[in-house]
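Subject: Structure for your files

Hello,

Here is the structure we talked about. My notes on it follow below.

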Amino acid sequence: MRRAVELGESVRGTTSPNPWVGCVLTADDGAAYEGATQPPGGPHAEVVALDAAGERSRGATLHVTLEPCAHHGRTPPCTDAIVEAGVARVVVGMVDPDADVSGRGIEHLRAAGVDVAVVDDPGVREQLAPYVAHRRTGRPWVVLKLASSLDGRTAAPDGTSRWITSDEARRDAHRLRAISDAIVVGAGTVRADDPALTARGPDGTVEREPLRVVLGHAPPRARVHPCVEMSGDLGDVLDELGRRGVVQAVVEGGATVAGAFHRAGLVDRYVVYLAPALFGGDDAPGWFRGAGAATIGDVWRGRVVSVRPVGPDLRVELEPCSPG
């Protein structure tokens with residue numbers, strides 16, 4: 001299953017609105033055959049692995065990160081392909097959360113005599129959390145990306161901010177863009193920074209262009225064009241993005257937009273890049289603009305998901321605590 005998770009991660013950002021699924025088929029002789037879901041309209045991970053294995057699929061064990069589909073969509077049901085190939089056992093990392101398909105793939109396989117085990121793998125749950133959120137709420141999984149000094153400052157008092165974090169942190173942030181379906185910024189950020197909002201590789205070439213969403217109106221000659229301009233209630237914005245098939249959206253600010261998403265409770269994951277630098281005063285801007293907690297009892301508290309070094313900086317992931 002660990003290898004299946006790696007295969008799923010390798011195609012993340014290319015499969016939406018479908019989930020990024022990995023699969024490993026192990027034949028009776030121990031030979032392994034791998035697959036990952038292809039872009040929409042292409043074969044799912046299970047079919048890629050089955051095609052690679054051919055006749056060796058008979059009697060084999062198949063590990064797949066997500067429950068195989070049992071319905072006709074852009075492609076035929078994966079469960080039919082598994083049964084026809086003669087696979088003896090299927091190990092499923094997670095049941096599909098989509099209400100229209102949840103459990104049906106497992107039932108189909110078991111009814112056909114296939115031994116099915118569901119392991120509810122924590123690594124799979126973490127990897128497919130955006131897909132789960134989209135299927136359960138109709139909205140994208142929202143990642144708020146922040147970069148600051150260790151004392152929480154995003155720019156100097158004179159407005160200069162390039163660069164607080166390192167080249168390594170910026171490359172990592174471009175990877176975050178690459179696995180996201182949309183990048184959301186405010187019109188103020190577009191006017192101030194004129195960002196391209198593309199996902200670039202280590203050599204600077206554009207690897208992917210997620211949907212670029214500007215809250216408000218972008219200047220006519222901004223580099224962000226073409227983009228989608230949206231306004232109004234942020235919940236309505238997320239509903240519309242969900243309808244457009246956006247499974248994961250990364251919000252890049254600035255401080256007004258970041259504060260609005262944060263205060264509305266619309267952030268699923270905070271990704272913070274912290275530089276080992278200190279401004280040392282109270283006149284430099286921080287992460288959020290707007291009113292914050294007035295008393296200690298109102299302080300937002302979350303859970304640290306991960307902390308790892310990225311070059312000289314730290315990458316910290318946080319998520320909101322569950323109610324209660």
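D120 counts as partly exposed because its relative accessibility is 44%; here buried means under 20% relative accessible area, exposed over 50%, and partly exposed in between, with a 1.4 Å probe and protein chains only. Please note that this is a predicted model, in which local features need pLDDT of at least 70 and side-chain atom pairs count only at pLDDT 80 or more, while totals for chains, interfaces and linings use all residues. Residues are numbered from 1 along each chain as its sequence is written, and side-chain values use heavy atoms, with hydrogens and water left out.

To stay with D120: the residue sits in the loop between β5 (115–118) and α5 (122–127). Its phi is near 50 degrees, a positive value in a residue other than glycine. Most residues other than glycine have a negative phi, and most peptide bonds are trans. The bond from S16 to P17 is cis, with omega near 5 degrees. P17 belongs to the loop between α1 (2–10) and β1 (22–26).

On the chain as a whole, there are ten helices and 15 strands, taken as DSSP runs (helices H or I, at least four residues; strands E, at least two) numbered from the N terminus. The radius of gyration is 22 Å, close to the 20 Å that the globule rule gives for 324 residues, so the protein chain is as compact as a globular protein of that length. That radius is taken over C-alpha atoms, and the rule is 2.2 Å times the number of residues to the power 0.38. Along the principal axes, the C-alpha atoms fill a box of roughly 70 × 40 × 40 Å. Buried residues make up 51% of the 324. Of the contacts (heavy atoms within 4.5 Å) with a separation of 6 or more, 71% join residues 24 or more positions apart.

Helix α7 covers residues 167–178, twelve in number, and reaches 17 Å from its first C-alpha to its last, close to the 16 Å expected at 1.5 Å a residue; the expected span is 1.5 Å times one less than the number of residues. Its buried residues are A169, R170, D172, A173, H174, L176, R177 and A178. W163 lies in the loop between β6 (141–149) and α7, and counts as exposed because its relative accessibility is 54%. W163 is 15 residues from S148 in sequence and 9.6 Å from it in space, C-alpha to C-alpha.

Regards
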